[in-house]
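Here is a brief report on aromatic rings and their neighbours. The sequence and structure come first.

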Amino acid sequence: MSSQTRVKKDKEIIGEYETQVKEIRNQLVEQFKCLEQQSESRIQLLQDLQDFFRRKAEIQLEYSRSLEKLAERFSNKIRSSREHHQFKKDQHLLSSVNCWYLVLNQTRRESRDHATLNDIYTNNVIVRLAQISEDVIRLFKKSKDIGIQMHEELVKVTNELYTVMKTYHMYHTESISAESKLKDAEKQEEKQFSKSADLNVHLLRHEDRPQRRSSVRKIEKMKEKRQAKYSENKLKCTKARNDYLLNLAATNAVVAKYYIHDVSDMIDCCDLGYHASLARTFRTYLSAEYNLETSRHEGLDIMENAVDNLDSRSDKHKIMDMHNQVFCPPMRFEYLPHMGDEVCQVSAQQPVQTELLMRYHQLQSRLATLKIENEEVRKTLDATMHTMQDMLTVEDFDVSDAFQHSRSNESMKSVASETYMSKLNVAKRRANQQETEVFYFTVSTSVIPACYR
């Protein structure tokens, strides 16, 4: 094969690697764009929900005040009437008047219920939605920071693979060149010996013999020099090929791990608590609406079913299915032999074999250490995740106590302030949640670089 053909083939192989690495980098960029769009979509959804419930709370308050004014207007009219004093004295009510009183009592009751609903929307639902928005932004930033570290490590290992591949190709080219020169020297030596055999020694002049022996020595010395050069280049090529194969296997393992496990974990970090918190918020709304008006159960059951179906895993799979081209693993890097160079089972040269054994033992020792460390970190992460899940799934969305009409208005306000979102309880829960989150992400960040070593 000519040198031009060899150079062209090298460029094609290198070009294939460059294209594959570029595609992976483009995927990494698009993954962040997709997650950022999802985060912005959630924030917009939460903002719309806050605006909706804020306006609905205002309507509930206006409605409550209107009902109270209506009931008070007719109650004053009754109290000022002559019949009222008469009835009060006699302690007897006509059935129609009794119904009229019950209607007014029901109106006051509805007024109190709608005022309670306004309080729940303003001080509970809207506050929860605002907190979820803060969580979405905070968790996305933390997940992105972790993702950037994983992306940097992924780019690093692909760049290292690209470098060792080029080094291997370069040394293999030099080895082929040295082999070609050695063969030329061997041909010259054979040619020289052939000429010596054909000539009759007795016919040669005496003065020609030293000159011919000098020529033979030069050819032998040139052959020895080229033989040493070839052996040196062959050893370099063997080492470079082994480095290339090891890096190839390591890079494929890192890429597979990232696309199969790490991408899923990164999305889980973005989703951490989102679905559970949103479910709790909607359940608070459902509890208030169910207790306000039981006749609306049929419509609310539909929403109950939708809230029951809030599922982080299902959403994650949908996102990934919707963006299949972005999240699907790329093609595996394949071994591309240079100029027909193949990996064979022939025992390696002694220096290479010694070096490989040393590296094997070092890797075994390192893997054993990493396995122990990762098991300990995984146990810590699992325990921390369990704690966070307990915090996020506490059943604090029942507001039925706020609709108990046997209590006075003051006692209802007290119950509402204690049960719903009192500042002390909120501050304590938020501090505990964020402290646990900081610990979780600190442990997660500390273990990520080890996965790519």
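A charge sits over a ring if NZ of Lys or CZ of Arg is within 6 Å of the ring centre and within 35 degrees of the ring normal. Arginine 42 meets this with the ring of tyrosine 274: its charged end is 4.2 Å from the ring centre. Lysine 144 lies over the face of phenylalanine 32, at 6.0 Å from the ring centre.

The model is predicted, so local features need pLDDT of at least 70 and side-chain atom pairs pLDDT 80 or more, while totals for chains, interfaces and linings use all residues. Residues are numbered from 1 along each chain as its sequence is written, and side-chain values use heavy atoms, without hydrogens or water.

Now the ring pairs. Rings of Phe, Tyr and Trp (its six-membered ring) pair if their centres lie within 6.5 Å; planes under 30 degrees apart are stacked, over 60 edge-to-face, the rest tilted. The whole structure holds six aromatic pairs. Two of them are tabulated here.

| Pair | Centre distance | Plane angle | Type |
|---|---|---|---|
| Phenylalanine 52 and phenylalanine 53 | 5.2 Å | 80° | edge-to-face |
| Phenylalanine 53 and tyrosine 121 | 5.3 Å | 55° | tilted |

The second pair links distant parts of the chain. Phenylalanine 53 is in helix α1 (residues 3-80) and tyrosine 121 in helix α3 (residues 95-198), 68 residues apart. Helices here are DSSP runs (H or I, at least four residues), numbered from the N terminus.

Burial uses relative accessible area: buried is under 20%, exposed over 50%, partly exposed in between (1.4 Å probe, protein chains only). Phenylalanine 52 is partly exposed at 45%. Phenylalanine 53 is buried at 3%. Tyrosine 121 is buried too. Phe52, Phe53, Tyr121 and Tyr285 form one aromatic cluster.

Definitions and conventions:
Helix = DSSP H or I, 4+ residues; strand = E, 2+ residues; numbered from the N terminus.
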